[in-house]
Amino acid sequence: MSGTFFGFNTALKSIFAQQKAMNTTSHNIANASTPGYTRQQAVMAADFAFPVPSMNRPGGAGQVGTGVNVVEMRRIRDQFLDRQIQAELSSLGQWEQMSETLKLVETVFIEPSDSGLSTLFNEFWVTWQELSKNAENDAIRTSLVETSVSLAEAINHAHSQLTTVIEDLEYIASIKAEQVNTIAQQIDDLNKQIATIQLAGDAPNDLKDKRDLLLEELAKLVDFQIEETTVSRPTGKVDSSGNPVYADVPDGQIRIYLGTEEDPEKRDVNDYLVHVNGTYTYTDSSGTEQIVEPINNVNKIAFDSDTDPPEFKWVEKIDDPAVSPPSYVDGDTLTVNNGQLFGILRAMEQVSDYRQDLNGLAKELADSINALHVSGVGLDGSTGLDFFEYDNPSDPADGEVAAYLRINQDIVDDINKIAASSGAADEHNGEIALKISQLRPDIDRQYDQLVSRIGVKTNEANRRTEGQEVLLGQLENRKESMSGVSLDEEMAMMLQYQRVYQASATMITTLDEMVQTILSMKR
Amino acid sequence: MRITNRMLVDNVLRNINRNLAQLQKTQYQQSSGKVVSRPSDDPIRVTQALYMRSTLAEQQQHIKNMKDAKSWLDATDTALMNFGEIIHRSYELAIDGANGDLPEDARQAIADEITQLIDHLVQVANTSHAGRYIFAGTRTADIPFAYDDQNNPSAVIYQGNENDLNWEVSPGVTMTVNLTGAAVFKVTGAGNVSDTFDVLFDLKNALEANDPDAIQPLITKLQEELDNNLSQRSIAGAKSRRMELAIARAEEAEINSTEILSNLEDIDIAEVNMTLSMQSYVYQAALMTGVKVLQPSLIDFMK
């Protein structure tokens, strides 16, 4: 037999539960367009039934339920999908960075066009041909000097544009490294808050949303691995020898390892960005066991452009007794394998390669023309002169030929010194000019190949970026399908909660009427 | 699959964006008239276009070279023709002068005309084309033929050389465009006297000396000069003819290259227009569906 007021409590608990669910619905709707928000669900479960089995349980058939409770505020999220999205975001970051940089490089070699380097090369060769027919013609000599100066300046300009691209990348790299550090700090802060709430038995859903959003930002920058940590807690039991029994409880915190192996066994414990330790023990040098309390550490990274090739490095490492032996040295190289940081390193390498190719082209052009030119004779009988010069006046061995390519000043000052012919000074056979103009196929082919290489790489980066975007779109769709707020669904749920709330209230009224009936029996 | 409002919005935005990007690309093609405008648009096509561009520029240069060569050869031919006329006239005069019945006065008059002809022939030998002496070998800037003594000439000295002017007429192929003064006017080498002129001077001297017997062998020599002139003219003529044919052939090749380049670089206007209107159609459809899909929700039907 249950008591007279038994039903009141059941209905009241239902009213509370519906209210809580209604508040969750409201929270969901309010955050329908919040980035990174995960829909929440007030998970209801029937409360224990009455009576419970016991010696003096009341008689009668069966148990009667005692209503409903909200047992959990659940965050509807698929962590596996999160990891996938993070991995793909890293690839997107890498290819986006490549694509952006290479698009800049492409503007240096904008072909086919009527104003690109290929057009200047054309004019250059054609003028040599003209000179080969009219070796003593002043107008053609002047035009050759002009054309050559334009060509050399265009090559200088291309070189300086490529250098600017590299310098910009270095600047971006240091900013991105700083972003990584900021995100790490924020994640560490969230870690601590989450652990406090989770260990108290609550669900820090919204904080975890924030942290997941930060992880996505981080994923775009650099590849990383995550490890969820546990903390050792007394269970309240003791073992046979009377010692308290501890158990590992998840505390909701995460460790982040940068650019490392998926297999935890292979991970380098020194390569953590955000480090969380539960309580753990280690044996010190004297052989005694030491217990280390939980500590949180954030390490920092920075970009170093002075090394060759440039790289990211660990800086401001915290000496962490958790890592035994603690072997960090500031300035250790950080190996990144994906993300924008990796994209920057790759793009830098690529652009320096192109700059090297341009240097090679300029050197080939200058050397092969010079080799012929020194054997020729100018109108004034001068011979043995170089046509092009390219040494850096302050550092002749630096190899940056394209940056310093210029016409021999003696020739610019006196066009008679162009050695177009072979033989004596008064012979105008144009033989040298003809031989120089015949260098054309070699140089043209080298330039075409450079343009083609840049085109192929840029094309690949663009395609990969687009592909990653499509792939991510699909993954985001799947994530949204699971975790996103559907207004229709929330409205339907709202109606449901409202109706249950109304019914529960009616229940109380009815029960009240029943009590009235009992009371009125006395009259 | 659970569909949320955000998914709809995201999908509509993404698709509209993609349509717009395609539309923009096609529009750029239409307005620039070019299929490719940067290397990454189609790296292979761009490389081919670059190659065709330099091939075309080379072809155009070779056509220009051949036309220049032809006009040089035509100038040479004209000079040789004048040369031939002078020799021919000298030959006639020599026959006249060899006639033993001719009075001395008449011989003197013929000698005067020969002097004039020698003067004329020096001018012809010093013919210049576009500022260059065509019979000077490679010493094209210096006058090639000069009297040994300006006031009392007895010979003409060649100051040019025996070297060739070689011009490129197709990739790696050169042609000698000049006939050297040495070959045309029979000089054994630079700085020596011209045998051709010597014959004329001998004729003049024989006439002035009133010696018909000495004129007789000179007639034979003049005949040889005429033969030499003819063979030189036929060389120049054959080269000029060769240029004419080669120019016609090269111009055909140029048209061909231009067409290939155009196929590589230029848009097919009809095709691009079709694509453009199709894409703008798709874009409008995407906008329309977007409006239709995003608008309604359960709220519209509550109460």
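**Group meeting: a pocket, a sheet and a salt bridge**

The largest pocket has a volume of about 1400 Å³. This is a predicted model, where local features need pLDDT of at least 70, side-chain atom pairs count only at pLDDT 80 or more, and totals for chains, interfaces and linings use all residues. Residues are numbered from 1 along each chain as its sequence is written, chains are lettered from A and ligands numbered from 1 in the order in which they are written, and side-chain values use heavy atoms, with hydrogens and water left out.

A pocket here is an open set of points on a 1 Å grid over the protein atoms alone, where a 1.4 Å probe fits, with protein on both sides within 12 Å along at least five of seven lines; lining residues have an atom within 4 Å of a point. Of the 36 lining residues, A:K103, A:N462, A:T465, A:E466 and A:E469 are the closest to the centre. The lining has 16 charged (Asp, Glu, Lys, Arg) residues. Helices α2, α5 and α10 of chain A and α1 of chain B each supply at least two lining residues; helices are DSSP runs (H or I, at least four residues), strands likewise (E, at least two).

Next, the sheet. In chain A, 3 strands form an open antiparallel sheet in the order β11-β12-β13; strands pair if DSSP finds at least two bridges between them. β11 and β13 of chain A are the edge strands. A:I301 stands opposite A:W314 in β12(A).

Last, a salt bridge (Lys or Arg side-chain nitrogen within 4 Å of an Asp or Glu carboxyl oxygen) joins A:R77 and A:D209 at 4.0 Å, N to O.

Conventions. Points joined across faces, edges and corners; volume = space filled by probe spheres on them.
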